[in-house]
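Please read it with the structure open.

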Amino acid sequence: MAEPSDKHGPGVRAAVDYGGLAAFLAAFLFMRFVQGAPSSAALLGATWWLVAGSAAALAVGLVFERRLAPLPLFAGLAALVFGGLALVFHDPRFIKIKPTVTNTVFACVMLGGVALGKNPLKALFSTAINLSPAVWRRLTIRYGVFFLAMAALNEAVWRTQPDSVWVLFKFPGMEVLILLFSASQVPMMMKDMKAIETAAELEL
(Lines give C-alpha, C1' and ligand atoms only; values in the text may rest on other atoms or scores of the structure.)
Protein backbone atom coordinates (compact mmCIF):
# COMPACT_ATOMS: atom_id res chain seq x y z
CA MET A 1 0.00 0.00 0.00
CA ALA A 2 1.88 3.03 -1.27
CA GLU A 3 1.36 6.52 0.02
CA PRO A 4 0.51 9.44 -2.28
CA SER A 5 3.36 10.38 -4.59
CA ASP A 6 5.51 13.35 -3.71
CA LYS A 7 6.75 16.29 -5.74
CA HIS A 8 10.03 14.58 -6.64
CA GLY A 9 8.23 12.09 -8.85
CA PRO A 10 7.79 8.34 -9.02
CA GLY A 11 11.51 7.61 -9.35
CA VAL A 12 12.40 8.73 -5.84
CA ARG A 13 9.26 7.13 -4.39
CA ALA A 14 10.02 3.81 -6.11
CA ALA A 15 13.59 3.90 -4.79
CA VAL A 16 12.35 4.47 -1.25
CA ASP A 17 9.61 1.85 -1.42
CA TYR A 18 11.35 -0.91 -3.36
CA GLY A 19 15.11 -0.27 -3.25
CA GLY A 20 15.85 -2.69 -0.42
CA LEU A 21 13.52 -5.38 -1.77
CA ALA A 22 14.97 -5.17 -5.28
CA ALA A 23 18.50 -5.48 -3.90
CA PHE A 24 17.45 -8.50 -1.83
CA LEU A 25 15.86 -10.26 -4.82
CA ALA A 26 18.79 -9.60 -7.16
CA ALA A 27 21.36 -10.72 -4.58
CA PHE A 28 19.49 -13.93 -3.76
CA LEU A 29 19.02 -14.92 -7.40
CA PHE A 30 22.68 -14.24 -8.20
CA MET A 31 24.03 -16.17 -5.21
CA ARG A 32 21.61 -19.06 -5.54
CA PHE A 33 21.52 -19.64 -9.29
CA VAL A 34 24.74 -18.08 -10.59
CA GLN A 35 27.15 -18.83 -7.77
CA GLY A 36 25.32 -22.02 -6.78
CA ALA A 37 25.20 -21.24 -3.06
CA PRO A 38 22.82 -23.25 -0.82
CA SER A 39 19.50 -21.48 -0.38
CA SER A 40 20.07 -20.70 3.31
CA ALA A 41 23.46 -19.17 2.55
CA ALA A 42 21.99 -17.21 -0.36
CA LEU A 43 19.23 -15.89 1.91
CA LEU A 44 21.70 -14.71 4.52
CA GLY A 45 23.95 -13.20 1.87
CA ALA A 46 21.01 -11.40 0.28
CA THR A 47 19.95 -10.14 3.71
CA TRP A 48 23.10 -7.99 3.81
CA TRP A 49 21.83 -6.34 0.63
CA LEU A 50 18.34 -5.96 2.09
CA VAL A 51 19.71 -4.21 5.17
CA ALA A 52 22.05 -1.98 3.15
CA GLY A 53 19.38 -1.27 0.52
CA SER A 54 16.78 -0.40 3.13
CA ALA A 55 19.17 1.96 4.91
CA ALA A 56 20.06 3.61 1.59
CA ALA A 57 16.38 3.91 0.65
CA LEU A 58 15.58 5.65 3.93
CA ALA A 59 18.50 8.02 3.36
CA VAL A 60 17.24 8.82 -0.16
CA GLY A 61 13.78 9.54 1.21
CA LEU A 62 15.20 11.82 3.90
CA VAL A 63 17.42 13.73 1.47
CA PHE A 64 14.91 14.23 -1.33
CA GLU A 65 11.66 14.47 0.64
CA ARG A 66 13.04 16.17 3.75
CA ARG A 67 11.02 13.71 5.80
CA LEU A 68 10.42 10.01 6.39
CA ALA A 69 6.85 9.04 5.50
CA PRO A 70 5.25 6.62 8.02
CA LEU A 71 4.86 3.52 5.84
CA PRO A 72 8.33 3.54 4.20
CA LEU A 73 9.85 4.36 7.59
CA PHE A 74 8.13 1.43 9.29
CA ALA A 75 8.97 -0.97 6.45
CA GLY A 76 12.58 0.17 6.34
CA LEU A 77 13.08 -0.10 10.09
CA ALA A 78 11.47 -3.54 10.10
CA ALA A 79 13.87 -4.66 7.37
CA LEU A 80 16.82 -3.36 9.40
CA VAL A 81 15.63 -5.03 12.62
CA PHE A 82 14.69 -8.44 11.21
CA GLY A 83 17.56 -8.42 8.75
CA GLY A 84 19.95 -7.60 11.57
CA LEU A 85 18.56 -10.43 13.71
CA ALA A 86 18.95 -12.88 10.82
CA LEU A 87 22.58 -11.87 10.35
CA VAL A 88 23.46 -11.84 14.07
CA PHE A 89 21.96 -15.27 14.72
CA HIS A 90 22.71 -16.69 11.25
CA ASP A 91 19.06 -17.70 11.00
CA PRO A 92 17.11 -16.77 7.82
CA ARG A 93 13.83 -17.49 9.58
CA PHE A 94 13.95 -13.97 11.01
CA ILE A 95 13.75 -12.44 7.55
CA LYS A 96 11.02 -14.89 6.56
CA ILE A 97 8.73 -13.88 9.41
CA LYS A 98 9.20 -10.16 8.77
CA PRO A 99 6.22 -9.93 6.34
CA THR A 100 4.10 -11.83 8.84
CA VAL A 101 4.90 -9.37 11.61
CA THR A 102 4.62 -6.21 9.52
CA ASN A 103 1.32 -7.22 7.91
CA THR A 104 -0.08 -8.21 11.30
CA VAL A 105 0.91 -4.81 12.68
CA PHE A 106 -0.76 -3.06 9.74
CA ALA A 107 -3.91 -5.14 10.30
CA CYS A 108 -3.99 -4.35 14.02
CA VAL A 109 -3.57 -0.63 13.33
CA MET A 110 -6.40 -0.65 10.78
CA LEU A 111 -8.88 -2.83 12.68
CA GLY A 112 -7.91 -1.48 16.08
CA GLY A 113 -8.36 2.06 14.85
CA VAL A 114 -11.87 1.27 13.62
CA ALA A 115 -12.72 -0.41 16.93
CA LEU A 116 -11.62 2.76 18.75
CA GLY A 117 -13.65 4.98 16.45
CA LYS A 118 -10.57 6.24 14.60
CA ASN A 119 -9.59 5.91 10.95
CA PRO A 120 -5.84 5.50 10.40
CA LEU A 121 -6.27 4.96 6.66
CA LYS A 122 -8.01 8.30 6.29
CA ALA A 123 -5.24 9.95 8.29
CA LEU A 124 -2.74 8.72 5.69
CA PHE A 125 -4.69 9.53 2.55
CA SER A 126 -7.32 12.17 3.33
CA THR A 127 -5.32 14.95 1.71
CA ALA A 128 -5.31 13.04 -1.59
CA ILE A 129 -8.68 11.25 -1.57
CA ASN A 130 -12.11 12.63 -0.71
CA LEU A 131 -14.41 9.86 0.57
CA SER A 132 -17.40 9.73 2.89
CA PRO A 133 -16.85 8.53 6.50
CA ALA A 134 -18.78 5.31 5.81
CA VAL A 135 -16.59 4.39 2.85
CA TRP A 136 -13.40 5.28 4.71
CA ARG A 137 -14.50 2.90 7.48
CA ARG A 138 -15.39 0.14 5.01
CA LEU A 139 -12.09 0.59 3.16
CA THR A 140 -10.09 0.49 6.40
CA ILE A 141 -11.77 -2.75 7.51
CA ARG A 142 -11.12 -4.33 4.12
CA TYR A 143 -7.44 -3.40 4.25
CA GLY A 144 -7.19 -4.73 7.80
CA VAL A 145 -8.63 -8.10 6.77
CA PHE A 146 -6.42 -8.11 3.66
CA PHE A 147 -3.27 -7.59 5.70
CA LEU A 148 -4.26 -10.41 8.04
CA ALA A 149 -4.68 -12.66 5.00
CA MET A 150 -1.27 -11.57 3.71
CA ALA A 151 0.34 -12.45 7.04
CA ALA A 152 -1.26 -15.91 6.98
CA LEU A 153 -0.26 -16.43 3.35
CA ASN A 154 3.35 -15.54 4.10
CA GLU A 155 3.44 -18.11 6.88
CA ALA A 156 2.01 -20.76 4.54
CA VAL A 157 4.49 -19.98 1.75
CA TRP A 158 7.72 -19.87 3.75
CA ARG A 159 6.84 -22.97 5.75
CA THR A 160 5.83 -25.14 2.77
CA GLN A 161 7.72 -23.84 -0.27
CA PRO A 162 11.39 -23.70 -1.34
CA ASP A 163 13.32 -20.55 -0.47
CA SER A 164 13.39 -19.42 -4.11
CA VAL A 165 9.58 -19.52 -4.24
CA TRP A 166 9.29 -17.55 -1.00
CA VAL A 167 11.75 -14.90 -2.20
CA LEU A 168 9.72 -14.34 -5.37
CA PHE A 169 6.54 -14.28 -3.29
CA LYS A 170 8.08 -11.64 -1.03
CA PHE A 171 9.03 -9.49 -3.99
CA PRO A 172 7.45 -8.86 -6.38
CA GLY A 173 4.62 -11.26 -5.41
CA MET A 174 3.33 -9.41 -2.35
CA GLU A 175 3.51 -6.06 -4.12
CA VAL A 176 1.46 -7.47 -7.00
CA LEU A 177 -1.16 -8.77 -4.57
CA ILE A 178 -1.34 -5.38 -2.86
CA LEU A 179 -1.71 -3.66 -6.23
CA LEU A 180 -4.48 -6.03 -7.32
CA PHE A 181 -6.35 -5.64 -4.04
CA SER A 182 -6.05 -1.85 -4.18
CA ALA A 183 -7.32 -1.86 -7.77
CA SER A 184 -10.32 -3.93 -6.69
CA GLN A 185 -11.32 -1.14 -4.30
CA VAL A 186 -11.24 1.59 -6.94
CA PRO A 187 -14.85 1.11 -8.20
CA MET A 188 -16.24 1.61 -4.68
CA MET A 189 -14.07 4.67 -4.16
CA MET A 190 -14.94 6.19 -7.54
CA LYS A 191 -18.65 5.66 -6.92
CA ASP A 192 -18.42 7.39 -3.56
CA MET A 193 -16.37 10.31 -4.90
CA LYS A 194 -18.89 10.77 -7.71
CA ALA A 195 -21.73 10.83 -5.18
CA ILE A 196 -19.89 13.47 -3.13
CA GLU A 197 -19.32 15.60 -6.22
CA THR A 198 -22.98 15.30 -7.24
CA ALA A 199 -24.15 16.29 -3.77
CA ALA A 200 -21.82 19.30 -3.80
CA GLU A 201 -23.15 20.41 -7.20
CA LEU A 202 -26.76 20.14 -5.99
CA GLU A 203 -25.95 22.39 -3.07
CA LEU A 204 -24.68 25.16 -5.37
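The points below cover the model itself, its helices, a cavity, the salt bridges, the surface and the backbone.

1. **Ground rules.** This is a predicted model, in which local features need pLDDT of at least 70 and side-chain atom pairs count only at pLDDT 80 or more, while totals for chains, interfaces and linings use all residues. Residues are numbered from 1 along each chain as its sequence is written, and side-chain values use heavy atoms, with hydrogens and water left out.

2. **Helix 2.** Helices here are DSSP runs (H or I, at least four residues), numbered from the N terminus. Helix 2 covers residues 39-65, which is 27 residues. Just after helix 2, Arg66 takes a positive phi of about 60°.

3. **The cavity.** How many cavities of 30 Å³ or more are there? The count comes to one. A cavity is a set of points on a 1 Å grid, over the protein atoms alone, where a 1.4 Å probe fits but cannot get out; lining residues have an atom within 4 Å of a point. The largest cavity holds about 610 Å³ of space. That volume is the space filled by probe spheres set on the points, with grid points joined across faces, edges and corners. The lining has 31 residues, and Asp17, Leu21, Ala75, Lys98 and Glu175 are the closest to the centre. At least two lining residues come from each of helix 1 (10-34), helix 2, helix 3 (70-89), helix 4 (93-115), helix 6 (133-160) and helix 7.

4. Buried means under 20% relative accessible area, exposed over 50%, and partly exposed in between (1.4 Å probe, protein chains only).

5. **The other two bridges.** Glu155 pairs with Arg159, the closest N and O atoms being 2.8 Å apart. Both sit in helix 6, four residues apart, so about one helical turn separates them. Glu155 is buried at 18% relative accessible area, whereas Arg159 is exposed at 57%. Arg93 bridges to Asp91, with 2.8 Å between the closest N and O atoms. Asp91 counts as buried, at 16%.

6. **Nonpolar patch.** Leu153, Val176, Leu177 and Leu180 form a nonpolar surface patch with about 310 Å² of accessible area together. Patch members have over 30% relative accessible area and no salt bridge, and nonpolar side chains (Val, Leu, Ile, Met, Phe, Trp, Tyr) are joined within 5 Å. Areas come from the Shrake-Rupley method with a 1.4 Å probe. Helix 7 (residues 163-203) gives the most, three residues. Leu177, in helix 7, is partly exposed at 31%.

7. **Backbone points to check.** Most residues other than glycine have a negative phi, and most peptide bonds are trans. His90 is not a glycine, yet has a positive phi of about 50°. His90 lies in the loop between helix 3 and helix 4 and is exposed at 62%. Phe171 and Pro172 are joined by a cis peptide bond, with omega about 15°. Pro172 lies in helix 7.

Technical notes:
Expected span 1.5 Å × (residues − 1). Patch = residues over 30% accessible without salt bridge, like charges linked within 9 Å, V, L, I, M, F, W, Y side chains within 5 Å. Salt bridge = Lys/Arg side-chain N within 4 Å of Asp/Glu carboxyl O. 1 Å grid on protein atoms, 1.4 Å probe; cavity = no way out; pocket = protein on both sides within 12 Å on 5 of 7 lines; lining within 4 Å.
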